[in-house]
Amino acid sequence: MNYKKKTILDADLKGKKVLVRCDFNVPTDADGVITDDSRIVKTLPTIRYLLEQGAAVILCSHKGRPKNGYEEKYSLKVVQQRLSQLLGIPVDLASDVVGPEAQAKAAALQPGQVLLLENVRFVSGETKNNMELAEKYAALAEVFVNDAFGSCHRAHSSTVGVTSFLPAYSGLLVKKELDVMGKAISDPNRPLVLIMGGSKVSDKIGVIDHMLTLADHIIIGGGMSYTFTKAKGGSIGTSLCEEEQLDYCLKLLKKAEEMGVKIHLPVDCVCADHFAADAEPVIFDEGQIPENMMGLDIGPKTRENYAEVIKNAGTVIWNGPMGVFEFPAFAAGTEAVAKAMAESNAVTIVGGGDSAAAVEQMGYSGSITHVSTGGGASLEFFSGAELPGVAALLDA
Ligand code: AMP
């Protein structure tokens with residue numbers, strides 16, 4: 001995939017109306033209060049840059065998965081308020097996305113002002129990349145900017161369709177994602193270490209297969225590691241296992257050996273007799289788990305082994321927790337990887353989703369080179385797939 005794209009730093013923005021696709025899909029609690037505003041905060045550099053350049057800024061985003069038009073709980077009103085506080089200027093909201101109100105407000109918008117459109121998924125057609133809808137977005141502005149990396153793996157009207165009608169640039173957040181992750185796969189500091197965890201092998205096959213051609217080491221942890229252990233003939237008790245992937249695991253191990261890629265599997269694990277936060281943790285060697293026990297985290301020897309590989313790495317890419325990190329008694333493996341990455345001199349990249357949540361929660365995100373804002377998008381990126389939202393931007 002060509003990820004060398006024109007950015008807003010290349011665009012003539014003075015006096016222009018600029019439509020920016022953001023990722024304001026922020027989590028909210030039962031009262032609708034934002035519980036984590038980092039997605040809004042991460043878009044501020046782009047918005048501020050556009051305002052400084054003399055643009056009139058029209059922002060749009062999805063939030064959640066509304067099915068039948070407007071639903072209060074998916075409204076961007078909460079984003080409007082928080083954004084206005086963070087920017088220190090009023091932010092107007094167009095309640096009809098691309099209707100008469102949005103058109104009138106966009107037409108009247110002056111350089112230095114900010115307008116937010118309501119949730120793009122309130123309009124049918126958005127997620128089908130409907131071109132009539134895309135044309136309506138485009139009619140509001142003269143330039144399009146994509147700063148929603150987390151939505152770049154989806155071809156929707158506000159990520160792809162709109163680029164057929166307007167010159168399309170990346171925002172500063174998407175630029176950073178592409179710069180750091182692009183270098184990691186095209187010209188990495190070596191050794192390049194891929195760390196894969198999470199519950200299922202089947203979700204990560206695309207990434208593992210593609211990275212096998214690029215990485216020097218692949219570290220496996222989390223629920224998915226037990227399918228490898230079973231494939232090698234070990235006992236895994238009641239641990240997670242995907243029977244239909246046993247063959248794949250064996251083929252992968254063989255292929256890695258042929259290609260000179262070192263695969264690291266757990267040598268011990270922290271187990272329990274049931275899946276609960278207060279279950280008693282017991283350590284077993286990998287492949288020696290009794291029938292009534294399940295593996296819920298990598299063990300202490302494995303933590304040391306993995307930390308050593310990370311310490312000696314030039315680049316580390318991590319996706320998926322090493323265990324059930326949501327339970328403190330089974331979070332040590334995930335924490336050990338996060339800590340080793342934070343202390344390493346390597347270029348360190350955390351793909352979004354659970355591993356990003358873990359490094360934030362454990363306080364290591366400030367010492368990681370790049371925590372991606374796109375879980376699904378970064379997985380697609382590292383599987384070598386073309387991200388439609390990126391492909392649609394102007395080539396540099
Ligand atoms: P994924 O969405 O596939 O990246 O998986 C993330 C989830 O996998 C997290 O919620 C973890 O709690 C869970 N997980 C990690 N390791 C294990 C394990 N050994 N057993 C069960 N669940 C696990």
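The crossing of helix α7 with helix α9 is left-handed. This is a predicted model, and in it α7 (residues 205–212) and α9 (residues 246–259) pack at an angle of about 15°, their axes lying 11 Å apart. Because angles under 35 degrees count as roughly parallel, α7 is roughly parallel to α9. On the α7 side the contact is made by Ile205, Ile208, Asp209 and Leu212, which meet Tyr248, Leu252, Lys255, Ala256 and Met259 of α9. Sorted by class, this contact of α7 with α9 comprises seven nonpolar and two charged residues, with no polar ones.

| Helix pair | Angle | Axis distance |
|---|---|---|
| α7 (205–212) and α9 (246–259) | about 15° | 11 Å |
| α2 (44–52) and α3 (77–87) | about 65° | 12 Å |
| α10 (300–311) and α11 (332–343) | roughly 20° | within 9 Å |

The axes of helix α10 and helix α11 come within 9 Å and cross at roughly 20°, and these two helices are therefore roughly parallel to each other. The handedness of this crossing is right-handed, as α10 passes α11. Arg303, Ala307 and Ile310 from α10 meet a set of residues in α11 that consists of Ala332, Gly333, Ala336, Val337, Ala340 and Met341. The contact of α10 with α11 has, by class, seven nonpolar residues, one polar and one charged.

For helix α2 and helix α3, the packing angle is about 65° and the axes are 12 Å apart, and α2 likewise passes α3 in a right-handed crossing. Here Leu44, Ile47 and Arg48 of α2 meet Leu83, Leu86 and Leu87 of α3. The residues of the contact of α2 with α3 divide into five nonpolar and one charged, and no polar residue takes part.

By class, the lining of the largest pocket divides into 10 nonpolar, 14 polar and five charged residues.

Two features of the backbone also deserve a mention. Most residues other than glycine have a negative phi, and most peptide bonds are trans. Valine 97, however, has a positive phi of about 65° although it is not a glycine, and this residue is found in the loop between β3 (91–94) and α4 (100–108). The peptide bond that joins arginine 190 and proline 191 is cis, with omega at about 0°. Proline 191 is itself found in a loop, the one between α6 (172–186) and β7 (192–196).

Key: Residues numbered from 1 in each chain as written. Predicted model: local features only at pLDDT ≥ 70, side-chain atom pairs only at ≥ 80, totals over all residues. Heavy atoms only, no water. Axes fitted to C-alpha atoms, helices over the stretch in contact; angles between N-to-C directions. Helix = DSSP H or I, 4+ residues; strand = E, 2+ residues; numbered from the N terminus. Parallel < 35°, antiparallel > 145°, perpendicular 65-115°, else oblique. Left-handed = near helix turned anticlockwise from the far one by under 90°. Contact = heavy atoms within 4.5 Å. Nonpolar A, V, L, I, M, F, W, Y, C, P; charged D, E, K, R; others polar.
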